[in-house]
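Please examine the structure shown here. The questions that follow concern one of its sheets.

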Amino acid sequence: MLRATPDIGNFVNFRLVGEGEEGGLQTNPGQLTFPLQTVGATVGPLDVTLSNTSAASLTVVSLTPATGVYARVGGSCGTVPFTLASQASCTLSYTFSPDSIGTVYQDLRVTPDVGAFVDFTLAGESDIGFLTVQPRTIRFMPAVPVGEISQEKFATLKNTGRVPMQVLGIEPFLPPPVVSFVRTGGSCSTPPFTLFAFTSCTVAYTFAPIAAGEVTMDVDIANSVGSAQTVTLSGLGLPEISIFADGFD
């Protein structure tokens with residue numbers, strides 16, 4: 001406290017105020033939230049900004065390591081220990097690689113050589129897609145004569161989950177000796193392909209019997225999130241229709 005005495009009247013007091021020399025840390029954001037992610041995949045890196053808001057430089061002497069599903073993958077802060085000048089900032093970069101369904105939080109602490117530590121949180125949620133196939137049985141009706149081809153029929157593949165999934169294959173489970181069913185198109189790509197959340201596509205088949213009789217074939221739709229989904233194709237082949245009324249071709 002200083003005191004000034006004027007030439008006339010009472011003296012007055014005044015205080016000289018200066019910036020403190022102790023450093024201070026801030027993080028932005030306080031919680032780094034990763035977008036919803038598929039189990040088994042990696043998202044990021046995303047950054048946390050670390051700032052020295054004081055008038056003095058400081059040195060970060062400790063940083064809690066990210067572990068498990070989280071990993072630090074760089075950033076401009078460098079390795080501990082590192083120094084931040086007054087009013088300077090740097091970044092800490094992290095990835096999220098979930099290995100199971102659910103939400104995972106991890107608290108990390110940054111400790112400087114002077115001043116108080118600061119905490120921040122990593123948060124991420126993960127899920128898997130879910131494949132549905134409709135219909136599960138496709139019956140080609142009416143019966144088709146040998147040598148002719150039925151109209152196309154469609155099966156719809158839909159991912160009802162909140163994250164993408166992979167369709168890995170669309171193949172007969174046990175192809176019959178003579179294949180009478182042919183995949184002819186639809187909107188699905190050739191596997192492998194990604195089926196995004198809440199989207200669908202179709203596969204189309206025709207029935208072209210080689211011989212008279214009942215024919216059945218199971219088609220397995222292999223995917224990245226569970227057991228294969230099966231569509232059963234069936235149709236009845238009729239004897240070949242003769243061109244001539246007497247039965248001779």
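**Strands of an open sheet**

Q: Strand β19 comprises residues 200-207; is it largely enclosed or largely open?
A: This model is predicted. A residue counts as buried when its relative accessible area is under 20%. In strand β19, 6 of the 8 residues are buried, so the strand is largely enclosed by the rest of the structure.

Q: What is the order of the 4 strands in the open sheet?
A: Strand β13 is joined to β15 by 4 bridges. Strand β15 is in turn joined to β19 by 6 bridges, and 4 bridges join β17 to β19. The pairing is antiparallel, and the order is β13-β15-β19-β17.

Q: Which are the edge strands of this sheet?
A: The order of the open sheet is β13-β15-β19-β17. An edge strand pairs on one side only, and this applies to β13 (131-134) and β17 (181-185).

Q: What is the average twist from one strand to the next?
A: The sheet has 4 strands with antiparallel pairing. From one strand to the next, the twist averages 30 degrees.

Q: Which residue in β15 is the bridge partner of Leu131?
A: Strands β13 and β15 (residues 153-159) run antiparallel. Leu131 has its bridge partner in β15, and that partner is Asn159.

Q: Which residue in β19 is the bridge partner of Ala155?
A: Strands β15 and β19 run antiparallel and are joined by 6 bridges. The partner of Ala155 in β19 is Val203.

Note on methods
Residues are numbered from 1 along each chain as its sequence is written. This is a predicted model: local features need pLDDT of at least 70, side-chain atom pairs count only at pLDDT 80 or more; totals for chains, interfaces and linings use all residues. Side-chain values use heavy atoms; hydrogens and water are left out. Two strands pair if DSSP finds at least two bridges between them. Helices (H or I, at least four residues) and strands (E, at least two) are DSSP runs, numbered from the N terminus. Axes are lines fitted to C-alpha atoms, for helices over the stretch in contact, and angles run from 0 to 180 degrees between N-to-C directions. Buried means under 20% relative accessible area, exposed over 50%, partly exposed in between (1.4 Å probe, protein chains only).
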